[in-house]
Amino acid sequence: MRELSLLLGAGFSVNQGYPTAVQLNQKLMDLKASDFCVSTAGSVAWLTEGQEDPFWYSDYRTYKMFTLACIEFYNCLQPFNYEEFYDFYKKMAGSKEPDPAFLNFCDGFRQQYRCEVDNVNLLRELDNIYNQLIAGFLVDREGKKFYDPIHYGGPIYPGYSGFLNCLKQWGSDSKIHIHTLNHDLFFEIFKSSDWLQGELDDGFQELGSPYYGDFQERFKVRLPFFANLYEKNFCLYKLHGSIDQYPFHLENFGIDTYIKIKPGIGTDGLYKEIADEKGQPVYVNDWINYHSDFLSGTTSKILRYREPWYYEKVFQHFEQNLSNSHMLILVGYGCGDSEINNLIEKYFNGDNQLFVVDPYPHEKTFAFCEKSGAKLVAKNIEDISLDDFK
């Protein structure tokens, strides 16, 4: 059976109403202290208009204010970009000689808020809060993050009909590898649709999983864990992680594996079932987790591509799939990720068919097409057809 690979970028989810990078930048810059709070467990929650911060008395309000102040400080240095900001504060956290202006900013903040927390811990808490803020903004036009388990009938899904009809036809004679750089959960809804008919593997397995989560603090629900299984005709690889994926930590061991949560599951109530010394089942709690794990930063994320528990495995699949595929189609990808481009150049056979679907191509898109010999399909994914890939 032939193999075909796709690579989905942020542009893929735009038709569903997910924010573009420009919109996400603006949302982060527009944040105010009255918009959200940080609980004493470190979890971010949105506030309604006029609602007071219930944790105003805690250190976590200070960490919230530091996050907002740091975004403002960075935006005064250069136009705000959410991934470049991530690289910036990671660099400040890891540098033995941080930028003097940043040190002065931190000192001024401590003086203003009568805070004695050092830079290392301020930046650690900023990192936890910032990732949760990004995840909080990754919702569609209806404010949805998770989707109801319903079946989507064909032949039309507004904004995606052409793409899905092509996907169904490609799957009739090829194994389809769908690699995505997106963190949202939108593509997964098509597993229950006329186009994929349940034939979608994401590498996670729920059957026999020893991992559980507390559902609304009432009872435990079994959770999928990353088993690295891709056996069905359509396979989904989330190269940069996902808002529903969490590393599960064991005390005195570190990361055990990655798991997926479900709606209603409290992220501070994640467990693994093990046998005690008498062979009886007991539940071990991962007390570290309170936010999902996904990659950000223009360069920082590359450093995590070889982490062995999840990212290294999905990138190994990406490389192998590129090598085995007779066709590679980039959808909604702006061709601006230098490391992804390098992997395509290294592993995809240049004699095979390469296409870039982008209705609004820009300079980086044209440069990638010229260098790689890719054919540009300047159409919206609603309107593409098989004839565009001949």
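Contact here means heavy atoms within 4.5 Å. The model is predicted: local features need pLDDT of at least 70, side-chain atom pairs count only at pLDDT 80 or more, and totals for chains, interfaces and linings use all residues. Residues are numbered from 1 along each chain as its sequence is written, and side-chain values use heavy atoms, with hydrogens and water left out.

**View A. Phe-137 and its contacts.** Phe-137 belongs to helix 5 (residues 119-137). Helices (H or I, at least four residues) and strands (E, at least two) are DSSP runs, numbered from the N terminus. Neighbours within four places in sequence aside, Phe-137 contacts Pro-19, Leu-24, Lys-27, Leu-28, Leu-31 and Trp-46. Its relative accessible area is 13%. Phe-137 is therefore buried, a term for under 20% relative accessible area, with exposed over 50% and partly exposed in between (1.4 Å probe, protein chains only). Glu-97 is 40 residues from Phe-137 along the chain, and their C-alpha atoms are 33 Å apart.

**View B. Arg-2 in strand 1.** Strand 1 spans residues 2-8 and includes Arg-2. Arg-2 is partly exposed, at 47% relative accessible area. Residues up to four places away in sequence are not counted; beyond them, Arg-2 touches Asp-173, Ser-174, Lys-175 and His-326. From Arg-2 to Pro-224 the C-alpha distance is 29 Å, across 222 residues of sequence.

**View C. The Phe-66 and Phe-109 ring pair.** The whole structure holds 51 aromatic pairs. Rings of Phe, Tyr and Trp (its six-membered ring) pair if their centres lie within 6.5 Å; planes under 30 degrees apart count as stacked, over 60 as edge-to-face and the rest as tilted. The ring centres of Phe-66 and Phe-109 are 5.2 Å apart and the planes meet at 75°, so this pair is edge-to-face. Phe-66 sits in helix 2 (residues 59-77) and Phe-109 in helix 4 (residues 100-113), so the pair ties together parts 43 residues apart in sequence. Phe-66 and Phe-109 are both buried.

**View D. The Phe-355 and Phe-389 ring pair.** Phe-355 and Phe-389 pair edge-to-face, at 5.2 Å centre to centre and 75° between the planes. Phe-355 lies in strand 16 (residues 353-357), and Phe-389 in the segment after strand 17 (375-377). The pair links distant parts of the chain, 34 residues apart. Phe-355 is buried, at 3% relative accessible area. Phe-389 is buried too, at 6%.

**View E. Lysines over aromatic rings.** A charge sits over a ring if NZ of Lys or CZ of Arg is within 6 Å of the ring centre and within 35 degrees of the ring normal. Lys-64 lies over the face of Phe-36, 5.6 Å from the ring centre. Lys-220 lies over the face of Tyr-283, 5.1 Å from the ring centre.
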